[in-house]
Amino acid sequence: MARSEKGKRRAGELYDAGAPEIQAELSATQRWMARYNTALDVATSDRHALLVERLAAVGKDAVVRSPFHCDYGFNISLGAGAFLNFNCVILDVVEVVIGDRTQIGPGVQILTADHPREAAGRASGLEFARPVRIGRNVWIGGGAIILPGVSVGDDAVIGAGSVVTRDVPAGATALGNPARGRT
């Protein structure tokens, strides 16, 4: 039996993002984001409940400031005390895990979506994704970009404006474009 486009997406295979089942998920998330991003004057507990409604997991005292944008939401897990500042974008085509007490600055982009490198592959309209994992107690400065398939270890620091193209070990500091470790 042929695998569905959602099944291909979850497996990290090339899939058609225009498939009706995927477009329906995107539409549902857009409706949720409209509610979440306009709920600025509600109690913290109510905003937390809105996150729990859509995200895969939301730890105690996790905070996501509006505006917030994501593809699906249900692929995002936030640890306890995780903090995402204004204008965070998460393209969560597949799993994005953000650990306990991790702080993410304004304008950060976390991207799992990817595309074929060869022109013919891109012309097909198919895409794929690779998961992103961010450890505990990580600090990611404003405007940083975390690319598909990257893991950031516990206690790491990502400098503002950095473009993270490779894994960052626990306790390391990575700065620049592309981000490189500093001692």
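First, the ground rules. The model is predicted, with local features needing pLDDT of at least 70 and side-chain atom pairs counting only at pLDDT 80 or more, while totals for chains, interfaces and linings use all residues. Residues are numbered from 1 along each chain as its sequence is written, and side-chain values use heavy atoms, leaving out hydrogens and water.

Helices (H or I, at least four residues) and strands (E, at least two) are DSSP runs, numbered from the N terminus. Two strands pair if DSSP finds at least two bridges between them.

Now the sheet. It is open, has five strands in the order β4-β7-β10-β15-β18, and its pairing is parallel. At the edges sit β4 (68-70) and β18 (163-164), each pairing on one side only. Three parallel bridges join β4 to β7, residues 88-91. Phe68 has Cys88 in β7 as its bridge partner.

Next, the helices. α2 (20-37) packs with α3 (44-54) at about 175 degrees, axes 11 Å apart. Axes are lines fitted to C-alpha atoms, for helices over the stretch in contact, and angles run from 0 to 180 degrees between N-to-C directions. The pair is therefore roughly antiparallel (angles over 145 degrees).

Contact means heavy atoms within 4.5 Å. Residues of α2 meeting α3 include Glu25, Trp32 and Tyr36; on the α3 side, Leu50 and Arg54 are among them.

Last, Glu25, in α2. Is Glu25 buried or exposed? Buried, because its relative accessibility is 12% (the cut-off is under 20% relative accessible area, 1.4 Å probe, protein chains only). Beyond neighbours within four places in sequence, Glu25 contacts Lys6, Arg9, Arg54, Tyr72 and Phe74.

Note on methods: Angles under 35 degrees count as roughly parallel, over 145 as roughly antiparallel, 65 to 115 as roughly perpendicular and the rest as oblique. Buried means under 20% relative accessible area, exposed over 50%, partly exposed in between (1.4 Å probe, protein chains only).
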